[in-house]
Amino acid sequence: MPPLTNTYISETPPLKKENSIFKGDPIIWYIVLAFSIISVLLVYSATQSLAYRENSGDTVHYLKKHSLFLILSLVVMWLAHLIDYRFYARLSRLALQISVPLLIITMFFGVELNEATRSLIIPVLNVSFRPFDLAKLALIAHLAVMLSRRQQNIENIQESLMPMITWIGIICGLIAVNNFSTSFVIFVTSLLVMFIGRVPVRYFVTIAVVGLLVIGIALVSGSRWETFKSRVKSYYELIETPEKAQNTQIEQSFIAIGTGGFWGKGPGRSTQQEFLSQAYSDFIFAVLVEEYGFIGGAIVIFLYMALLYRAMIIMSRSNRAFGGLLATGLAFSLVMQALVHICVTLGLVPVTGLPLPLLSMGGTSLLFTGATIGIILSVSRGDIQE
């Protein structure tokens, strides 16, 4: 990566003119296309039985809904990649300021699902919206802005580090009240962005301790503390005495993965989706491996790693610190969430409610994922050395 400078908006070379309507890193476009095809296949497999029971035999009810949001997310991605990425620097602080009251409103007036209030209903449209999707995108973008502006005095705790730590603490703390796993992913992503932004390593222990303390306090005082304890307890039971463990979801996930073998049972032939809660979301990787085997799971993991690798290439070629930090931070947030999801289905970490980005069935969350990829593409087309 070239030397970081405090110039992040002005004096950027003119954008390279391209004839294609799909600009930016072409490999990322191919990766998104592959994910989209796999997502349609998996969501249909994971929801056909549920849709049949709940919608008078209409087995494609949820697939149609998912496909609509998937198409909309691709449109959002295309629109976002056309906008000069420097424009997002100007929006990031406003988006953060909007996110805070939305997160607070969600805590008290949000829609409750599985004993947690994580979403709001958009009036008229009657569509659920999860404010932490906006907060995550805004926080990463604003961290990239602050780090690129303050490269010359990055070691100044009061002027440089405290504003960043404050925003991280507020956003992660508010999210942790009802969603520890998402809060943790955002926190780790923020630390990575700060590390790439050359925050001195000696400050990281303090930042990590303070951040984890804030998240811990929010978790204990929130609605998910008892659920968190029960899941950790179940996880240790699974490790120490697998034959006595009673974590149904993990057991069913193991069965799905174990019966998938190397090549899998074949598309649409999953049987464990009948027994897995949220098979179309929190355990969709188990359905993937059951139907497409080890080879299918390996291909999906490769696609996520390829996405992160391309973002790192974009960072290394970026002319400005802001673009490189933005692209890498956004890509890492998606990939880390995917890795946590995969680790859950493999029993490597306690169960948590994290969907698999770009693959799980979703509503407005898909739109934010599309915006995230679009911004990465915007950086790749607009701030690359020729």
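In the predicted model, helix H4 meets helix H6 through Phe132, Lys136, Leu139, Ile140, Leu143 and Leu147 on the side of H4, and through Thr182, Ile186, Thr189, Ser190, Val193 and Met194 on the side of H6. By residue class, this contact of H4 with H6 comprises 8 nonpolar, 3 polar and 1 charged residues.

Helix H4 spans residues 131-149 and helix H6 spans residues 180-196; their axes come within 10 Å and cross at roughly 15°. Because angles under 35 degrees count as roughly parallel, H4 is assigned as roughly parallel to H6. The crossing in which H4 passes H6 is right-handed.

Aromatic pairing was also examined. A pair of aromatic rings is described by the distance of the centres and the angle of the planes. With ring centres required to lie within 6.5 Å, the count comes to 11 aromatic pairs. In the pair formed by Tyr235 and Tyr236, the ring centres are 5.9 Å apart and the planes stand at 70°, so the pair is edge-to-face, given that planes over 60 degrees apart are placed in that class. Tyr235 has a relative accessibility of 13% and therefore counts as buried, whereas Tyr236, at 47%, counts as partly exposed. Elsewhere, Phe180, Phe184, Trp225 and Phe228 form one aromatic cluster.

Technical notes
Residues are numbered from 1 along each chain as its sequence is written. This is a predicted model: local features need pLDDT of at least 70, side-chain atom pairs count only at pLDDT 80 or more; totals for chains, interfaces and linings use all residues. Side-chain values use heavy atoms; hydrogens and water are left out. Axes are lines fitted to C-alpha atoms, for helices over the stretch in contact, and angles run from 0 to 180 degrees between N-to-C directions. Helices (H or I, at least four residues) and strands (E, at least two) are DSSP runs, numbered from the N terminus. Angles under 35 degrees count as roughly parallel, over 145 as roughly antiparallel, 65 to 115 as roughly perpendicular and the rest as oblique. A crossing is left-handed if the near helix is turned anticlockwise from the far one by less than a right angle, and right-handed if clockwise. Contact means heavy atoms within 4.5 Å. Ala, Val, Leu, Ile, Met, Phe, Trp, Tyr, Cys and Pro count as nonpolar, Asp, Glu, Lys and Arg as charged, and the others, Gly among them, as polar. Rings of Phe, Tyr and Trp (its six-membered ring) pair if their centres lie within 6.5 Å; planes under 30 degrees apart count as stacked, over 60 as edge-to-face and the rest as tilted. Buried means under 20% relative accessible area, exposed over 50%, partly exposed in between (1.4 Å probe, protein chains only).
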